[in-house]
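Please read this briefing with the sequence and the structure side by side. The points after the display are grouped by topic.

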Amino acid sequence: MRLSVASAISHGRVYRRFGLSPRSRLDLLRNLVTALVRHERIETPWARADEMRGYAERLIDYAKRGDKDERAMRMADFWLTEKDLIHKLFKVLAPRFQPHPGSYTRLLQIPNRDGLDRAKMAVIELKGNPLPPLVRPRRHSDKTLLNQLLKGYRQDAQRARGT
Amino acid sequence: LLVLVPSPLPRLRALLQRCWGRLERGLWPGVFGGQSPPWGPALAVQGPALVPQGISDTGTPSLLESVVWMAAPKQRRTIEVNRCRRRNPSKLIEIKRNIDVCPECGNLKQKHVLCGYCYAKVKEETRLIRMEIYKKEGGPFNAPAVETVVLYEGEKPTEKDEGKRIIERAKKRPSWFVQN
């Protein structure tokens, strides 16, 4: 009795399936990229954010080529449905990310959605945005017990080496 | 199966009788290979008339022919067996060991997920900032081609914020929003 499991195996395909068709998937991701470029921080289901991240970063790589590049302009024209954002992309985002070699976005997971589906949500943001930061970098304090003990140990070792 | 009439020649008749005897006793292996059913006179007739069982005059098929045999439990499963199956570790809910305390607010959070309380604070603040941005822009599709900077009450733009668009918030700067 052959039960076909072929439908559940991807055989190495990495792109997820969204929406009603491949064209619909691209439209969905295009809307998300446009929203990201407009608002610089968006909250969506994790799978969509993960899928969109690659497209957004490649779009910024194209934008870094410059305004005059025909290919870059065509890409921006396709991916950004709101045409005032093409100006923002080339004049604001490209100079902002010029020193960076890659990874212009940050993807962080959020507690599951409040609705019935309890979907796994994520917030994706462009680095260097003017909005309040999501995660504060923690400085390790010197006053904790472990750090004080290690400091004492280091001082003892130094004194032993010195004498 | 035709019954051979013994021919009038007595020698042939005797031979035939001997062969028949051997066949009857099963001592002639050439025919069926040892195990042969007992031969006897039989009618050379068509199929169905050979087995004249009771022709179904009843119309409704009897229970034993029409039932579909299906699996059913033979014995009641005892409560001990049931407990073993229900409480097997694979069926229990897994305990989460990745829950921590958020260092900022003290609420519980999962290690790989942002703290819900802190994120709600940041979300509210971004909502208010975006309302200010919308008021400044006036309408839809007016995204400026310059960077943005958010300044709170009593703050002046520094020389780093030269060509940027300034968004004013009529509030004291929250402690967790560090000015760069």
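B:Leu9 is found in the segment before helix 1 (10–25) of chain B; helices (H or I, at least four residues) and strands (E, at least two) are DSSP runs, numbered from the N terminus. This is a predicted model, in which local features need pLDDT of at least 70 and side-chain atom pairs count only at pLDDT 80 or more, while totals for chains, interfaces and linings use all residues. Residues are numbered from 1 along each chain as its sequence is written, chains are lettered from A and ligands numbered from 1 in the order in which they are written, and side-chain values use heavy atoms, without hydrogens and water.

**Surface of chain B**

- B:Leu9 counts as exposed because its relative accessibility is 55%; exposed means over 50% relative accessible area, buried under 20%, and partly exposed in between (1.4 Å probe, protein chains only).
- Together with B:Leu12, B:Leu15 and B:Leu16, B:Leu9 forms a nonpolar surface patch with about 330 Å² of accessible area.
- Patch residues have over 30% relative accessible area and no salt bridge, and nonpolar side chains (Val, Leu, Ile, Met, Phe, Trp, Tyr) are joined within 5 Å, like charges within 9 Å.
- A salt bridge is a side-chain nitrogen of Lys or Arg within 4 Å of a carboxyl oxygen of Asp or Glu.
- Accessible areas come from the Shrake-Rupley method with a 1.4 Å probe, and for residues only the protein chains shown count as cover.

**Sheet of chain A**

- Three strands of chain A form an open antiparallel sheet in the order 1-3-2; two strands pair if DSSP finds at least two bridges between them.
- Strand 1 (41–45) and strand 2 (105–110) of chain A each have a single partner strand, so one side of each is left without a neighbour in the sheet.
- Strand 2 of chain A is joined by six bridges to the antiparallel strand 3 (residues 121–126) of chain A.
- In this sheet, A:Leu108 stands opposite A:Val123 in strand 3 of chain A.

**Strands and a loop of chain B**

- In strand 3 (residues 148–151) of chain B, B:Thr148 and B:Val150 are buried on one side, and B:Val149 and B:Leu151 are buried on the other.
- Four bridges link strand 3 of chain B to strand 4 (residues 165–168) of chain B, and the two run parallel.
- Opposite B:Thr148 stands B:Arg165 in strand 4 of chain B.
- B:Gly106 sits in the loop between strand 1 (99–101) and strand 2 (108–110) of chain B, and its relative accessible area of 42% makes it partly exposed.
- From C-alpha to C-alpha, B:Gly106 and B:Leu23 are 101 Å apart in space, and they are 83 residues apart in sequence.
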